Amino acid sequence: MTDEPAWTMGIEEEYLLVERDSGALITKQPPGLLEKVADLRHGLVARELFSSQIEIATGVCSDTKYLRADLGLLRLAVAEAAAEYGLAPIAASSHPFARWHQQQYTEGERYQALTADLQGVTRRLVISGLHVHVGIDDPDLRIDLMDQAAYFLPHLLAMSTSSPFWEGQDTGLKSYRMSVIETLPRTGLPEKFGSWSDYKRHIDVLVQAGIIEDSTMVWWHIRPSERYPTLEMRVADLPTKMEDTIAVAAMYVCVLRMLWRLKLENRRWRSYANFLLKENLWRAERYGVSGELMDFGRGELVPFGELVEELVELVRPDAEALGCVAEVEHARTICRRGSAADRQLAVYREALEDGATTDEALKAVVHALIADTVAPPEI
């Protein structure tokens, strides 16, 4: 294994569409909206499970500079098209006060099949996420890195948390989305596979039995893509500020490159049982960047900010090689000022302290999300 992977990147983001004035989540997408966005950005836009959602996808980007440019144009295209209907996109993994039972499914054979199979589980999935693809041509390497990278998924989740509210309630979690998505089958941490053929053999058991159509119906937090030669990270909430999204993507690709460097030296990251990794995922879901994660090597809880400092230095050679040092170091900014979840909670509490009702405070959160979704970059 001498050839270095290309480490190309691509991002998918799922936005919620809200009424600009009221902040309410729409129930039915206006005709023509998707086409307007597609006209602006060459079709890199798609429908999602619910009519209130819209998904964008960047092109294949060689570095974070192009990734940022592509993502920024896509966010602006959605905002510009939505504004013509009195709407706005919000980049957040849950809407602060929407009621899931009022939402309408998107028409389409795939969505109909999904809802028929999963029934009530799908009705609560009014959530949005961030998916980051990293190009790795060697399928066996994708499987190897998937196993090792699982250790770092709680770190990426903590940085990205953006769903503290659900149906008008402060859930006490920084990522309530995680508790919703975990009701789906075939989610969570992937199994440990010895090779690509081993992985495919297990997937084919379900495909040949007619349980799933293909591996796109396996929604692990990290998985090999069915359509592309990529390793797709799916654990993250959707950061509201674009620079936070870029930071999460940069950290992810640098972690993968760091693990690849270890492999060149006949070393690898120590493997831990999913039982232990799930504990850190829970802590990231509950506390975000303000909490602590377990450092299994040290056998103790460590403040997340300290772990980020260690991680930034660990992947610094990779960030330098990939030209994304500033993007990786932005993780420090997220720790210092808080994630999108912390921002929402601060706006909510400040509004209440100023005399707002609960409904008014929640509406203030949505208006802050609207502004932050298209805010100028911090880097």
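I take buried as under 20% relative accessible area, exposed as over 50%, and partly exposed as in between (1.4 Å probe, protein chains only). The model is predicted, so I use local features only at pLDDT of at least 70 and side-chain atom pairs only at pLDDT 80 or more, while totals for chains, interfaces and linings use all residues. Residues are numbered from 1 along each chain as its sequence is written, and side-chain values use heavy atoms, without hydrogens and water.

**Entry 1, aromatic pairs.** I searched the whole structure and found 13 aromatic pairs. Rings of Phe, Tyr and Trp (its six-membered ring) pair if their centres lie within 6.5 Å; planes under 30 degrees apart are stacked, over 60 edge-to-face, the rest tilted. I looked up Y151 and W269: the centres are 5.6 Å apart and the planes at 55°, so this pair is tilted. Y151 sits in the loop between α5 and α6, and W269 in the loop between α9 and α10, 118 residues apart. Y151 is buried at 11% relative accessibility, whereas W269 is partly exposed at 22%. Y151, F152, W269, Y272 and F296 form one aromatic cluster.

W166 is buried at 12%, and Y176 is buried at 19%.

A nonpolar core is a set of buried Ala, Val, Leu, Ile, Met, Phe, Trp, Tyr and Cys residues joined through side-chain atoms within 4.5 Å. I found 121 residues in the largest one, with V328 among those with the most contacts inside it.

Methods: Helix = DSSP H or I, 4+ residues; strand = E, 2+ residues; numbered from the N terminus.
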